[in-house]
Amino acid sequence: MTFTLPQLPYSYDALEPHFDARTMEIHHSKHHAGYTAKFNAALEAVALNSTDLTSLMESMDMDNSALRNNGGGYFNHCLFWENLSPTSTEMSSDLKSCIERCFGSVEAMKDEFSKAAATRFGSGWAWLCRKEDGSLEVCSTANQDNPLMPGISCGGRPILALDVWEHAYYLHYQNRRPDYINAFWSVVNWDVVSKRWAG
Ligand code: MN3
């Protein structure tokens with residue numbers, strides 16, 4: 001096993017009432033665990049033994065659907081859990097200035113991100129990315145694709161991720177994806193996002 005399921009940095013019920021404990025438990029212990037096992041199997045099938053997750057995403061063979069879907073599923077959820085927090089956090093002043101330069105205001109960035117998350121048809125992810133030139137971009141991807149993968153039109157290094165698959169919200173929010181997206185803003189870990197932006 002090259003990659004293991006990461007422990008959550010908080011308990012399953014820590015993000016209540018925004019993200020409910022049952023959803024968190026199934027999402028982590030079943031869905032993410034499944035991607036982890038299948039990612040390892042897909043790596044083994046093509047004799048890839050790199051442990052550099054970023055370069056595995058950047059050099060992804062997009063025609064290998066087992067590797068693409070499960071590798072993306074593994075990586076995306078690792079990013080997602082880390083950018084959530086049960087306690088209130090604040091973004092760095094540098095990140096805030098950058099967001100204000102790129103979007104006009106933090107609220108405008110959140111609106112654009114929420115819209116990208118709400119309008120992603122079917123399953124996928126919404127992202128805030130830092131581009132090569134230092135600017136920021138909001139985008140979304142289908143299924144378990146992510147901005148690091150080849151040929152994905154939204155470029156840059158992802159610093160904030162939101163899972164908009166139904167498995168992420170259906171138990172608690174049913175078809176109300178916009179309510180889930182709205183709740184997400186209450187549990188974003190801005191310390192982590194700020195560090196990713198700076199790093
Ligand atoms: Mn998921």
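Modeller: Gladly, and please keep in mind that this is a predicted model. Helix α4, residues 93–103, packs against helix α8, residues 190–198, at an angle of about 75°, and their axes are 9 Å apart.

Colleague: Which residues make the contact?

Modeller: On α4 the contact is made by Asp 94, Leu 95 and Cys 98, while α8 brings in Trp 190, Val 193, Ser 194 and Trp 197. Sorted by class, the contact of α4 with α8 has five nonpolar residues, one polar and one charged.

Colleague: OK, now the core. In the largest nonpolar core, which residues touch the most other members?

Modeller: That core has 64 residues, and the ones touching the most other members are Phe 19, Phe 113, Leu 162, Tyr 180 and Phe 184. Helix α3, residues 65–82, gives the most to this core, with seven residues.

Colleague: And what is Tyr 180 in contact with, leaving aside its neighbours within four places in sequence?

Modeller: With those neighbours left aside, Tyr 180 is in contact with Phe 19, Phe 80, Leu 162, Asp 163, Val 164, Ala 168, Tyr 169 and Tyr 173. Two of these, Phe 19 and Leu 162, are also among the core residues that touch the most other members, and Asp 163 is one of the protein donors of the manganese ion.

Colleague: Good link. Which are the protein donors of the manganese ion?

Modeller: They are His 27, His 77 and His 167, each through NE2, together with Asp 163 through OD, and they lie 1.9 to 2.1 Å from the ion. Along the chain, the donors follow the spacing H-x49-H-x85-D-x3-H.

Colleague: Where do His 77 and His 167 lie?

Modeller: His 77 lies in helix α3, whereas His 167 is in the loop between β3 (157–163) and α6 (170–173), so this pair ties together parts that are 90 residues apart in sequence.

Colleague: Buried or exposed, that His 77?

Modeller: His 77 counts as buried, at 0% relative accessibility, and His 167 is buried as well, with a relative accessible area of 19%, given that buried means under 20%.

Colleague: Switching to the backbone: which peptide bond is cis, with omega near 0°?

Modeller: That is the bond from Glu 16 to Pro 17, and Pro 17 lies in the segment before α1, which covers 21–45.

Colleague: What about positive phi outside glycine?

Modeller: Ala 47 has a phi near 55°; it sits in the loop between α1 and α2 (53–58) and counts as exposed, at 66% relative accessibility. Gln 174 also has a positive phi, of about 50°, and is found in the loop between α6 and α7 (177–184), where at 30% relative accessibility it counts as partly exposed.

Colleague: Last one: where does Gly 155 lie?

Modeller: Gly 155 is in the loop between β2 (136–142) and β3, and it is partly exposed, with a relative accessible area of 25%. Its C-alpha atom is separated by 8.4 Å from that of Glu 132, 23 residues apart along the chain. Leaving aside neighbours within four places in sequence, Gly 155 is in contact with Cys 129, Lys 131 and Glu 137.

Notes:
Residues are numbered from 1 along each chain as its sequence is written. This is a predicted model: local features need pLDDT of at least 70, side-chain atom pairs count only at pLDDT 80 or more; totals for chains, interfaces and linings use all residues. Side-chain values use heavy atoms; hydrogens and water are left out. Axes are lines fitted to C-alpha atoms, for helices over the stretch in contact, and angles run from 0 to 180 degrees between N-to-C directions. Helices (H or I, at least four residues) and strands (E, at least two) are DSSP runs, numbered from the N terminus. Contact means heavy atoms within 4.5 Å. Ala, Val, Leu, Ile, Met, Phe, Trp, Tyr, Cys and Pro count as nonpolar, Asp, Glu, Lys and Arg as charged, and the others, Gly among them, as polar. A nonpolar core is a set of buried Ala, Val, Leu, Ile, Met, Phe, Trp, Tyr and Cys residues joined through side-chain atoms within 4.5 Å. Buried means under 20% relative accessible area, exposed over 50%, partly exposed in between (1.4 Å probe, protein chains only). Donors are N, O and S atoms within 2.8 Å of the metal (3.2 Å for Na, K and Ca); water is not among the atoms, so sites may look incomplete.
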